Amino acid sequence: MVEFVFIAPMLTGIIAFFLPPTAGRLLLVLTGAIHLALSLMLWVLRPEALFPAYFAVTPEGLLSLLVISLLFFLISIYTTAYLKTSDIRSEHIFSGSMLLFLSTMTMVTLSDHIMVMWIAIEATTLASAPLIYTHRSAASLEATWKYVLICSVGIALALLGSVFITLSMDVGGLDVPVAFSSLTDVARQLDPLWLKTGFVFILVGYGTKMGLAPMHTWLPDAHSEAPSPASALLSGVLLNCAYLGIFKTNKVMHAAGLGDFSGTILMTFGLVSILAAATFILKQTEYKRLLAYSSIENMGIIAFGTGIGGLGAYGAVLCLIHHSLIKSSLFLCSGNILLGYGDRLIAATGQLARRMPKTFVAFFSGFAGISGFPPFGIFIGELFIIMAAFRTGHYLAVGLFILSLCVIFAGFTRHVMKISFEDVDTTIQIEEKSIMVWPQYALLTTSLVLCFWIPETLYQTIVQAVATVGGGF
Amino acid sequence: MIHPVDILLALVLLSVLISFGSSRLPTLIKALAFQGVVVSIVPFFLGHDLTVGGVVFTLITMLIRGIGIPLCIYQVIKKVAIKREVEPIIGYNASLLAGLLLIVAAAFVSPKFNLPQTSVHALLLPTAITLLVAGMFLLMARRNAIAMVLGYIMMENGIYVVGTSFSMRTHHIVEFGILLDVLAGVMIMAIILQNIKQTYDDVDTAHLRTLKE
């Protein structure tokens with residue numbers, strides 16, 4: 001039952017490689033719907049896995065899974081319209097890779113065994129590489145090369161880190177399954193030195209995939225070269241999957257009483273990422289790269305919050321959910337802008353408010369949301385993180401944090417104002433279809449609703465997920 | 001008496017030095033293939049209890065690491081007739097010297113880790129460290145994209161040595177999954193390499209620096 005959730009999209013993905021374009025698009029939406037239904041069933045029933053040594057339904061996994069499922073379903077609807085309008089050669093490879101990508105990401109959220117988690121995360125890299133190379137241009141080739149090589153080498157370090165954690169069991173003389181859940185139970189008997197070493201390697205490894213600076217160099221290239229629906233998936237949920245690996249290892253560290261050690265490192269990497277984003281976001285010339293740097297910023301915020309722990313960890317999970325919802329809607333809007341203006345440069349765009357009013361509404365509210373304005377959820381998440389940082393007395397860190405957020409906001413605003421209102425003499429090349437905007441509206445509305453009202457079951461699941469790191473109120 | 005494991009590991013170290021000193025890609029690939037075979041058969045001599053599954057798995061590993069992966073890369077060279085130089089950023093003599101220094105340093109730091117197996121097989125940990133760092137070195141010190149992929153494979157070999165010799169926890173099915181991931185990764189890299197060659201008529205990564213910041 002649990003395993004079926006990732007086996008189903010894997011099978012349809014393989015089938016999609018042999019289907020004509022129209023059938024492939026239909027299969028994409030159909031699989032998205034089935035996957036969403038299955039994920040909701042998992043959420044309600046929380047069953048045992050067929051292979052409990054490798055897979056398990058965990059609160060943090062369920063949260064990520066539901067976000068992936070919802071996003072994929074909405075993005076797949078958008079994709080059908082996007083594929084019709086843009087000309088993509090070998091569409092069957094695109095559809096098939098999208099589904100395999102969904103399958104591998106689902107596997108990440110459900111895996112409990114350390115090595116299976118690694119296998120799944122590396123598989124996401126492989127499944128998403130063809131997506132980035134969809135346009136077959138020299139630039140997309142370069143982006144794919146960087147993505148595959150940097151991420152593979154990075155993730156290889158995470159494998160080494162995972163081996164070190166099994167080593168910490170051997171040195172500690174333990175004999176339990178090498179799964180995150182059982183490791184958390186016996187964490188205090190693990191050898192602390194090897195556990196720490198393992199954590200550092202896993203953080204650097206999965207951090208590369210998550211886009212933490214200074215290992216983020218592949219991220220802006222990959223996000224800007226991939227077709228917009230794929231960028232939305234990369235930014236919205238792939239980064240979360242890598243974060244899940246770090247989050248689970250961090251839980252083991254906290255259970256072992258090494259939370260301060262892991263927290264400090266997470267905070268440092270988080271701050272460096274936010275600072276890097278603040279430096280680079282000011283001088284961006286392409287709007288998709290702008291969004292990519294904003295993702296690096298948000299991943300930094302999430303790592304920072306997780307590092308602080310307590311209320312900060314709760315805020316980090318909120319940021320994680322809302323970043324996925326808002327950023328994916330922004331990337332989908334960027335797809336409309338690209339189709340409309342036919343250019344990736346910010347300089348070539350303008351007057352979005354008048355030329356593409358429906359896209360403008362989604363784009364501008366998404367911008368407000370991602371910058372941390374109420375009524376969108378990132379506001380609450382960042383507020384909790386800042387409160388937690390003050391409570392624990394990290395004054396210098398939180399000062400830098402707030403300063404960078406202001407700089408990023410200023411840089412972002414300048415570009416968004418240019419795109420939305422400034423004069424430009426180009427004509428829009430497509431007609432704004434409603435199917436290409438309402439998935440964005442749905443994503444943003446979800447974020448809006450979750451800001452005011454979190455269902456009890458969702459709240460409980462978040463609290464369970466962050467309980468080990470001292471999360472909650 | 002010298003333990004057979006140490007003889008094998010000495011051969012692995014030799015393959016690292018060959019790969020550092022060679023200017024031609026075919027030699028580099030052969031050195032890597034040899035390294036893959038030797039690294040895979042180390043578990044036979046470690047004195048762990050071998051099950052039937054273990055033997056079968058070790059043989060499969062040898063086939064993939066020693067033949068499958070190098071063949072993937074070799075096909076690329078043959079198909080697209082790539083210029084056979086590796087375009088070093090750091091010269092061959094300097095690389096060789098760096099390799100020797102690396103082995104010495106690895107041998108020097110290894111006893112400090114206090115791992116139980118290191119007392120029996122003196123070269124186990126130094127070899128693992130050398131492979132990891134040497135892989136990184138090839139990634140950074142060569143501009144040729146194929147040499148970079150070979151550096152990645154060398155790193156993976158190093159991780160495999162650490163994984164199989166120091167911890168026998170993981171199930172074979174899981175190890176097999178890891179191996180498949182690595183194989184699939186190398187295949188995808190090979191496809192990208194072919195496309196790079198078709199686009200630029202070369203695999204020098206200096207072409208791949210147009211996207212910035």
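## Overall fold of chain A

In this predicted model, the secondary structure of chain A consists of 19 helices and zero strands, where helices (H or I, at least four residues) and strands (E, at least two) are DSSP runs, numbered from the N terminus. The radius of gyration of chain A, taken over C-alpha atoms, is 21 Å, close to the 23 Å that the globule rule gives for 473 residues, so chain A is as compact as a globular protein of that length; the rule is 2.2 Å times the number of residues to the power 0.38.

Along its principal axes, the C-alpha trace of chain A spans about 70 × 55 × 45 Å. Buried residues (20 or more other C-beta atoms within 10 Å of their own, with C-beta atoms placed from the backbone) make up 63% of the 473 residues in chain A.

## Helix α3 of chain A

Helix α3(A), residues 59-85, has 27 residues and reaches 39 Å from its first C-alpha to its last, close to the 39 Å expected at 1.5 Å a residue, the expected span being 1.5 Å times one less than the number of residues. Of the 27 residues in α3(A), 22 are buried.

## Contact between chains A and B

The contact takes 30 residues from chain A and 28 residues from chain B, two residues being in contact if their C-beta atoms, placed from the backbone, lie within 7 Å. On the side of chain B that touches chain A, the largest share, twelve residues, comes from α7(B).

## Conventions

Residues are numbered from 1 along each chain as its sequence is written, while chains are lettered from A and ligands numbered from 1 in the order in which they are written. Because this is a predicted model, local features need pLDDT of at least 70 and side-chain atom pairs count only at pLDDT 80 or more, whereas totals for chains, interfaces and linings use all residues.

Methods. A residue is buried if 20 or more other C-beta atoms lie within 10 Å of its own, exposed if 12 or fewer, and partly exposed in between; C-beta atoms are placed from the backbone.
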